[in-house]
Amino acid sequence: STASATSAKTGAASPWTGDYDDPNHPGCLRQVKVVGPPLRPDGTRSQYPIVEVKGYDGSGGMCTDRPPSRNDIWTVSGQLRGNQATLDFSSKGGPSNLMATYQDGGIVFPDGNKWTKVPRGTPGRLPADMSTLKSES
């Protein structure tokens, strides 16, 4: 049907969902998931799902060990429209409307940095108190 063809995929069905390598932070957690848009006060939802990114930057920008705990993990989120997401990195001192594009098995940022998806995931990059980041859906 036409409706399902235009609706964005969420959860594991989304190409965005998964664990990534960030060359600017070798060995560090970069986990992306796509969730349905939240309910608005009037009971409707945006047609655009939400992208949630969890990460850890380690010491000196690289990670040789797991994050000490889930409290050390940062989260940024934004809206997904097609193959582009507008992410709010202001909590990390970055821009509030960073445009990221999914292409060729990774997420490309305006500065040219590309996070490459890790097919089997990176469970060893999660803190011990958080062996899996489960989806709420």
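Predicted model: local features only at pLDDT ≥ 70, side-chain atom pairs only at ≥ 80, totals over all residues.
View 1. Residues are numbered from 1 along each chain as its sequence is written, and side-chain values use heavy atoms, with hydrogens and water left out. Helices (H or I, at least four residues) and strands (E, at least two) are DSSP runs, numbered from the N terminus. Starting at that end, the elements go α-β-β-β-β-β-β-β-β. Of the 137 residues, 40% are buried (under 20% relative accessible area; exposed is over 50% and partly exposed is in between, with a 1.4 Å probe and protein chains only). Take the contacts (heavy atoms within 4.5 Å) between residues at least 6 apart in sequence: 48% of them join residues at least 24 apart.

**View 2. Lys 54 sits in strand β3.** Lys 54 has 19% relative accessibility, so it counts as buried. Now look at Trp 74: its C-alpha atom and that of Lys 54 are 5.6 Å apart, though 20 residues separate the two along the chain.

**View 3. Strand β2 is mostly covered.** In β2, 6 of its 6 residues are buried. Arg 30, Val 32 and Val 34 point one way, and Gln 31, Lys 33 and Val 35 point the other way. Strands pair if DSSP finds at least two bridges between them. β2 pairs with β1 in the antiparallel sense over 2 bridges, and Val 32 of β2 is the bridge partner of Gly 18. β2 also pairs with β3, again in the antiparallel sense, over 6 bridges. Here Lys 33 has Glu 52 of β3 as its bridge partner.

**View 4. A disulfide joins Cys 28 to Cys 63.** The structure holds 1 disulfide, meaning a pair of cysteine sulfur atoms within 2.5 Å. In this one, S to S is 2.0 Å. The link of Cys 28 and Cys 63 is right-handed, with 95° about the S-S bond. Cys 28 lies in the loop between β1 and β2 and Cys 63 in the loop between β3 and β4, so the pair ties together parts that are 35 residues apart in sequence. Both Cys 28 and Cys 63 are buried.

**View 5. Trp 16 and Tyr 102 form a tilted pair of rings.** Searching the whole structure turns up 4 aromatic pairs. Rings of Phe, Tyr and Trp (its six-membered ring) pair if their centres lie within 6.5 Å; planes under 30 degrees apart count as stacked, over 60 as edge-to-face and the rest as tilted. For Trp 16 and Tyr 102, the centres are 5.7 Å apart and the planes are at 45°, so tilted is the word. Trp 16 lies in the loop between α1 and β1 and Tyr 102 in strand β6, so the pair ties together parts 86 residues apart in sequence. Trp 16 and Tyr 102 are both buried. Elsewhere, ring pairs link Trp 74, Phe 89, Phe 109 and Trp 115 into a cluster.
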